[in-house]
Amino acid sequence: MRALRLEADQLSLRVGELAELLTDTVNGGASVGFLAPFDLERAVAWWRERVAAVAAGQLAVWAALDDAGRTVGTVGLAFPYPGKPNSPHRAELVKLMVHRDARGRGVGRGLLAVAEEAAAGAGITLLHLDTETDSPAERLYRAAGWTRAGVIPDYALDPTGVLRPTTLYYKHVGALTR
């Protein structure tokens, strides 16, 4: 796996591949904020909406590429808005997705490590995320050293429309400053 940080123009060029990944993820049952069935047209529109945030530096997106150059995974870091002076040290890990064909090969773990390293390099010292409780993603985060902060019951609908609890996690990265 090779991870490529996508600038806004590169994200625009890869919207189709990322949309296919998003539809595969949602329609495969992963809870990433959408209900199934999820079609390619809506996925393309969602990714196109992210381009401006990447251009503004509010969002960083990586694509995991397989040996053939196909996008098989992605992860993002959402940075705090400049108007939020009490949180320049933290970012949210968002939309970690791995295509069903590529699971079990370390793609998710690799993307997680890339995002953590990039966050630390950008001066971020605290990452946080939320994920469906008892999901495969939750096992990944625990194995990667993330700390469980708590569970919110009935937080979000899963792709089938069933209310599920969400677990909040955090991880310190980089050097802590006070």
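User: How are α4 and α5 oriented to each other, and why is that word used?

Analyst: α4 and α5 are oblique to each other. This is a predicted model. Angles under 35 degrees count as roughly parallel and 65 to 115 as roughly perpendicular. Helix α4 covers residues 107-121 and helix α5 covers residues 136-143. Their axes cross at roughly 50° and come within 11 Å. The crossing is right-handed.

User: Which residues make the contact?

Analyst: From α4, Gly108, Arg109 and Leu112. From α5, Leu140, Tyr141 and Ala143.

User: Now the rings. How many aromatic pairs does a search of the whole structure find?

Analyst: Five. Take Phe34 and Phe38, one of the pairs. Their centres are 4.7 Å apart, with 35° between the planes. Planes under 30 degrees apart count as stacked, over 60 as edge-to-face. This pair is tilted.

User: Which ring does Tyr141 pair with?

Analyst: Tyr141 pairs with Trp146. That pair is tilted too, at 5.9 Å centre to centre and 55° between the planes. Tyr141 also belongs to the α5 side of the helix contact.

User: Are these residues buried or exposed, taking Tyr141 to start?

Analyst: Buried means under 20% relative accessible area. Tyr141 is at 5%, so it counts as buried. Trp146 is buried, also at 5%. Phe34 is buried at 15%, and Phe38 is buried at 6%.

User: What sits over the ring of Trp46?

Analyst: The charged end of Arg50, 4.2 Å from the ring centre.

Technical notes: Residues numbered from 1 in each chain as written. Predicted model: local features only at pLDDT ≥ 70, side-chain atom pairs only at ≥ 80, totals over all residues. Heavy atoms only, no water. Phe/Tyr/Trp six-rings, centres within 6.5 Å; stacked < 30°, edge-to-face > 60°. Buried < 20%, exposed > 50% of the residue type's maximum accessible area, 1.4 Å probe, protein only. Lys NZ or Arg CZ within 6 Å of the ring centre and 35° of its normal. Axes fitted to C-alpha atoms, helices over the stretch in contact; angles between N-to-C directions. Helix = DSSP H or I, 4+ residues; strand = E, 2+ residues; numbered from the N terminus. Parallel < 35°, antiparallel > 145°, perpendicular 65-115°, else oblique. Left-handed = near helix turned anticlockwise from the far one by under 90°. Contact = heavy atoms within 4.5 Å.
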